[in-house]
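Please look over the sequence and the model below before reading on. The paragraphs that follow go through the helices, their faces and the contacts between them.

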Amino acid sequence: MKRIFLLALTAFTLSLLSGCATWDNMSSREKAAVGGAALGGVVGAAVSDGHLLGTVGGAAIGGVIGDQLGK
């Protein structure tokens with residue numbers, strides 16, 4: 001069950017990123033924040049066994065880290 005959830009979350013995240021129509025208009029910092037949030041959400045879900053708070057927290061932390069690294 002956990003593996004199916006992680007695969008579904010990863011597929012959703014990738015489809016969300018590929019569907020961004022404004023990706024070309026984004027700065028490198030914004031792109032890094034989006035990528036960090038996506039990766040953080042997946043890691044947060046994996047660490048917290050798929051709990052919503054862990055997923056959202058991981059996405060938030062990943063977004064902030066991606067934003068700072070994209071400077």
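This is a predicted model: local features need pLDDT of at least 70, side-chain atom pairs count only at pLDDT 80 or more; totals for chains, interfaces and linings use all residues.

Residues are numbered from 1 along each chain as its sequence is written, and side-chain values use heavy atoms, with hydrogens and water left out.

The chain as a whole has three helices and zero strands, and along the sequence its pattern reads α-α-α. Of its 71 residues, 25% are buried, where buried means under 20% relative accessible area, exposed means over 50%, and partly exposed lies in between (1.4 Å probe, protein chains only). The chain exposes about 4,800 Å², of which carbon and sulfur atoms supply 71%; these areas come from the Shrake-Rupley method with a 1.4 Å probe, and for residues only the protein chains shown count as cover.

Together with Leu39 and Val47, Val43 forms a nonpolar patch on the surface, with about 310 Å² of accessible area. Patches are made of residues with over 30% relative accessible area and no salt bridge, like charges being joined within 9 Å and nonpolar side chains (Val, Leu, Ile, Met, Phe, Trp, Tyr) within 5 Å.

In helix α3, the buried residues are Thr55, Gly58, Gly62, Gly63 and Gly66. Seen down the axis of α3, these buried residues fall within an arc of 135°, so they line one face of the helix; the arc is that of the directions from the helix axis to the C-beta atoms. On the other side of α3, Leu53, Ile61 and Val64 are exposed.

What does Thr55 touch, leaving aside its neighbours within four places in sequence? Thr55, which lies in α3 (residues 52–69) and has a relative accessible area of 12%, is in contact with Leu9, Gly41, Gly44, Ala45, Ser48 and Gly50, contact meaning heavy atoms within 4.5 Å. Elsewhere, the C-alpha atoms of Val34 and Ala59, which are 25 residues apart along the chain, are separated by 9.1 Å. Among contacts in the chain between residues at least 6 apart in sequence, 59% join residues at least 24 apart.

Side chains of opposite charge can pair when their charged atoms come close. The structure holds one salt bridge, a term that requires a side-chain nitrogen of Lys or Arg within 4 Å of a carboxyl oxygen of Asp or Glu. Arg29 forms this salt bridge with Asp67, their closest N and O atoms being 2.8 Å apart. The pair links distant parts of the chain, with Arg29 in helix α2 and Asp67 in helix α3, 38 residues apart. Arg29 is partly exposed, with a relative accessible area of 32%, and Asp67 is partly exposed at 22%.

Terms used: Helices (H or I, at least four residues) and strands (E, at least two) are DSSP runs, numbered from the N terminus.
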